[in-house]
Amino acid sequence: MTDGAPRVLVVEDEASILLGLRMNLEREGCVVGGAEDGEAGLRRAREEDWDLIVLDLMLPKSNGYEVLCTLRAEHDRTPVLVLSARSAEVDKIMGLNLGADDYVTKPFSVAELLARVRALLRRRNHPGEPLWSFGDVEADPTTREVRRAGSPITLTPTEFDVLAALLRASPRVLSREQIMDAVWGPIHHGTVRSVDNFIVQLRAKLEDDPAHPRHLLTVRGAGYRLVR
Ligand code: CA
């Protein structure tokens, strides 16, 4: 994370798509790195600092699922935007909870992809915000670190952003649509069900009894709210 030009790694084996993304992202002011297979992508993801990784799923050597799983298993929380050829793959990657932050299905429009990239990059730094807390949980909006009873808790970038939206709004209720707008920006393809999934994951990580939450509450017919 730097204040300078955002650094974006594009892992894509189709040369024309890689070239097109590189040109468009550079025009947006990004520093762009490329990798044409999963092994090279994983290596560059590990060895260099990135603000965002654009990751194709179908790749030679090691596929995008494996790259994403490996990074998240290593607690690399760099935001990942998945490129997918079919919506069935998207269902799989979101359903498997592999830690992707957003996705675009091919063929995608450049404008749509750039909007997603900007939304993910906007999350980079919001300095100067005080520490948030509820129950025995503390969250630092600047470093994005979360602790529970003093012990670090690993949240995916999107889990953190859903939590942050609820914390900023607390004690107000947010509808699923408002949460989606806050996390993914006004242009998104997420379904309200994906918000529900992130809430389930957050409860599992942050609530004593996830089946009977005390902080991350469902407001029937309205949405969710966070009670401190
Ligand atoms: Ca491919």
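The model is predicted: local features need pLDDT of at least 70, side-chain atom pairs count only at pLDDT 80 or more, and totals for chains, interfaces and linings use all residues. Residues are numbered from 1 along each chain as its sequence is written, and side-chain values use heavy atoms, with hydrogens and water left out.

**View 1. The two domains of the chain.** The domain assignment gives domain 1 (7–122) and domain 2 (132–226). Such bounds come from an automatic or database domain assignment. The C-alpha centres of domain 1 and domain 2 lie 24 Å apart.

**View 2. The interface of domain 1 and domain 2.** Contact means heavy atoms within 4.5 Å. By that rule, 15 residues of domain 1 meet 15 residues of domain 2. Buried area is the accessible area (1.4 Å probe) that two parts lose on being put together, summed over both. Here domain 1 and domain 2 bury about 1,200 Å², 48% of it on carbon and sulfur atoms. A salt bridge puts a side-chain nitrogen of Lys or Arg within 4 Å of a carboxyl oxygen of Asp or Glu. Between the domains the count is zero salt bridges.

**View 3. The domain 1 side that touches domain 2.** Helices (H or I, at least four residues) and strands (E, at least two) are DSSP runs, numbered from the N terminus. Strand 5 (102–105) and helix 5 (110–122) each supply at least two residues of this side. Helix 5 gives the largest share, five residues. By class, the side holds five nonpolar, three polar and seven charged residues. Nonpolar covers Ala, Val, Leu, Ile, Met, Phe, Trp, Tyr, Cys and Pro; charged covers Asp, Glu, Lys and Arg; the others, Gly among them, are polar.

**View 4. S62 in its loop.** S62 lies between strand 3 (52–56) and helix 3 (64–73). Its relative accessible area is 15%, so S62 is buried (buried, under 20%; exposed, over 50%; partly exposed, in between; 1.4 Å probe, protein chains only). Not counting residues up to four places away in sequence, S62 touches G38, E39 and V67.

**View 5. V173 and L226.** V173 sits in the loop between helix 6 (157–169) and helix 7 (176–184). V173 is partly exposed, because its relative accessible area is 31%. V173 and L226 are 53 residues apart in sequence, yet 7.7 Å apart in space, C-alpha to C-alpha. Leaving aside neighbours within four places in sequence, V173 is in contact with residues including V219, A222 and Y224.
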